[in-house]
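Please read them with the coordinates open.

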Amino acid sequence: MRFVVTLASITVLEALRERLLWLAALVIVAGVALAQFLHQVAITESREIQTAVLAALLRMSAAFIVAIVVVSGMAREWNDKITELLLSFPVRRSLYVLGKFLGYAAVCGLLAVVFAVPLALYARSSGVLAWTASLVCELLIVAAVSVFCMLTLTRTLSALAAIAGFYLLARSMSTIQVIAQATPEPASLADRLVARAADAIAWILPALDRMTDTAWLIQAPPGIGVLAAFAAQSALYVALVGAAALFDLYRKDL
Amino acid sequence: MRERPVSAVPRMVLATLAAALAGQIAIRASHPARAPHAEELASPPAAAVLRLASFGEPIALAKLLMLNLQAADYRAGDPLPYRDLDYGRVEAWLDRILELDPAGQYPLLAASRIYAEVPDPAKSRRMLEFVRRQFLADPDRRWPWLAHATIVAKHRLHDLPLALSLAETLERNVDPRSAPAWARHMRAFVLEDMNELEAARAVIGGYIDSGRLQDAQERRLLERHLQEIEARLAGGRPTR
């Protein structure tokens, strides 16, 4: 367990040394400046416009930053043979993955809290709390998928492309499903096959389109049951992707 | 990189992978995606905002918006989809989509063949007027949808004055080289259905005498039809 804690601490330190907080501050400044600009030009609902645009920008940026931090950090370790050095220790490979993931999970929590601070200026605290909790769940999934992509693909470009594809698909899958089902009756065999294929893809993706909803900041926050469901979904998906990453890592002949 | 056999993977990892996959599928399958309800269809943003959101790809955005609009209030297996939609909003969305992609035919197909065929005469008429308005912006490309609108007015709404008005709009505005004879001559057939045999005879006679009929087959067909009308007028047969 000591190995896991040490590896997680090193991972967090490394992310901080990569000026993670500076990057987060830059995003916040840009977002607040944009929100202020919108406040000046909007005729009505200026607070809602500011909140919605800022929340959407912060959410997307947080996912992007987490993916970059994980991919760049693991790529450097892989290229410098640090991964092989760590795996040469008398510890199970699963502890290596666990240590890395816990480190990145701490980064996700830190980033979500930092990004929630400017939103507190515009929205009610209950909504901001729910949004932050949901963002943590979402970022944990992104971090787990990033770890999986790096361990499996081992190339920065292909890993980033895969993560971007996964994230965009997971955010838009419900809409794709609805469009696939809305074919004029009677549906042909091809229509039914397309709809079933869309359903099958949706089954193995997390429901990111329902998480971290901007409406919580503008209207009413979700109930505790909804947040618990998102936490369960996040835990389940992290377990799924983590097991897939371990499956691949155990099969590598390092 | 060489790979070790699957047996090198601990059973715990395999079991976790299988259990998590089953759980994930169960969770997602228990929350199927549903089409937005009619009341969830919001008003569209301004065309300028949509152009901004398209990042320089207005045609792609228009296609996606059309598919998204089609999914609103759609329920698989429901014989009467779209009946609860706010047609003001539907029309506004169709308008915006055509602004983004003026060459696109999908919005007018949807207006004349999907949204105009709901069992609500007021909504249906609204869509037919939308088709007429959009036809006037580009008659030579959009005439098929006004022709279909005429058929909907005649056979579905049984509103012959509206059908005649739509057919007149089509005839007056379309280039004869763009639309086939059957579409350009719809006015005469609607007049005949309205028992306006004198008017129908005058219109068909006008087509024949105009000298614009290039096709001999088309000319023969109209002449035969004119003879039938004249025979009905001369015989004083009861009108249909």
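The points below take the chains in turn, then their contact, then some local features.

1. Basis. This is a predicted model, in which local features need pLDDT of at least 70 and side-chain atom pairs count only at pLDDT 80 or more, while totals for chains, interfaces and linings use all residues. Residues are numbered from 1 along each chain as its sequence is written, and chains are lettered from A and ligands numbered from 1 in the order in which they are written.

2. Chain A, overall. Chain A has 10 helices and 0 strands; helices (H or I, at least four residues) and strands (E, at least two) are DSSP runs, numbered from the N terminus. Along the principal axes, the C-alpha atoms of chain A fill a box of roughly 60 × 50 × 35 Å.

3. Chain A, burial and contacts. Of its 254 residues, 43% count as buried. A residue is buried if 20 or more other C-beta atoms lie within 10 Å of its own, exposed if 12 or fewer, and partly exposed in between, with C-beta atoms placed from the backbone. Among contacts in chain A with a separation of 6 or more, 81% are between residues 24 or more positions apart. Two residues are in contact if their C-beta atoms, placed from the backbone, lie within 7 Å.

4. Chain B, overall. Chain B has 12 helices and 0 strands. Its radius of gyration is 27 Å, well over the 18 Å that the globule rule gives for 240 residues, so chain B is more spread out than a compact globule. The C-alpha trace of chain B spans about 95 × 40 × 40 Å along its principal axes. Buried residues make up 33% of the 240 residues in chain B. For contacts in chain B between residues at least 6 apart in sequence, 59% join residues at least 24 apart.

5. Contact between the chains. Chain B gives 28 residues to the contact and chain A gives 25 residues. On the side of chain B that touches chain A, the elements giving two or more residues are helix H1 (11–29) and helix H3 (58–71) of chain B. H1(B) supplies the largest share of that side, 11 residues. By class, the side of chain B that touches chain A has 18 nonpolar, 6 polar and 4 charged residues. Here Ala, Val, Leu, Ile, Met, Phe, Trp, Tyr, Cys and Pro count as nonpolar, Asp, Glu, Lys and Arg as charged, and the others, Gly among them, as polar.

6. Burial of H10(B). In H10(B), 6 of the 8 residues are buried, so this helix is largely enclosed by the rest of the structure. The buried residues are Met186(B), Arg187(B), Ala188(B), Val190(B), Leu191(B) and Glu192(B). Their cover includes helix H7 (139–156), helix H8 (160–173), helix H9 (181–184), H11 and H12 of chain B. After H10(B) comes Asn195(B), with a positive phi near 65°.

7. Packing of H10(B) on H11(B). The axes of helix H10 (residues 186–193) and helix H11 (residues 197–209) of chain B come within 8 Å and cross at roughly 165°. H10(B) and H11(B) are therefore roughly antiparallel to each other (angles over 145 degrees count as such). The contact is made by Arg187(B), Ala188(B), Leu191(B) and Glu192(B) of H10(B) and Leu197(B), Ala199(B), Ala200(B), Val203(B) and Ile204(B) of H11(B). By class, this contact has 7 nonpolar, no polar and 2 charged residues.

8. Ile229(B). This residue is in helix H12 (residues 216–235) of chain B. Ile229(B) is buried, with 20 other C-beta atoms within 10 Å. Not counting residues up to four places away in sequence, Ile229(B) touches Glu192(B), Leu197(B), Ala200(B) and Arg201(B).

9. Positive phi in loops. Most residues other than glycine have a negative phi. Arg19(A), not a glycine, has a positive phi of about 60°. Arg19(A) is in the loop between helix H1 (2–17) and helix H2 (20–41) of chain A and is exposed, with 11 other C-beta atoms within 10 Å. His158(B) has a positive phi near 55° and is found in the loop between H7 and H8 of chain B. His158(B) counts as exposed, with 10 C-beta neighbours inside 10 Å.

Note on methods. Axes fitted to C-alpha atoms, helices over the stretch in contact; angles between N-to-C directions. Parallel < 35°, antiparallel > 145°, perpendicular 65-115°, else oblique. Rg over C-alpha atoms; globule rule 2.2 N^0.38 Å.
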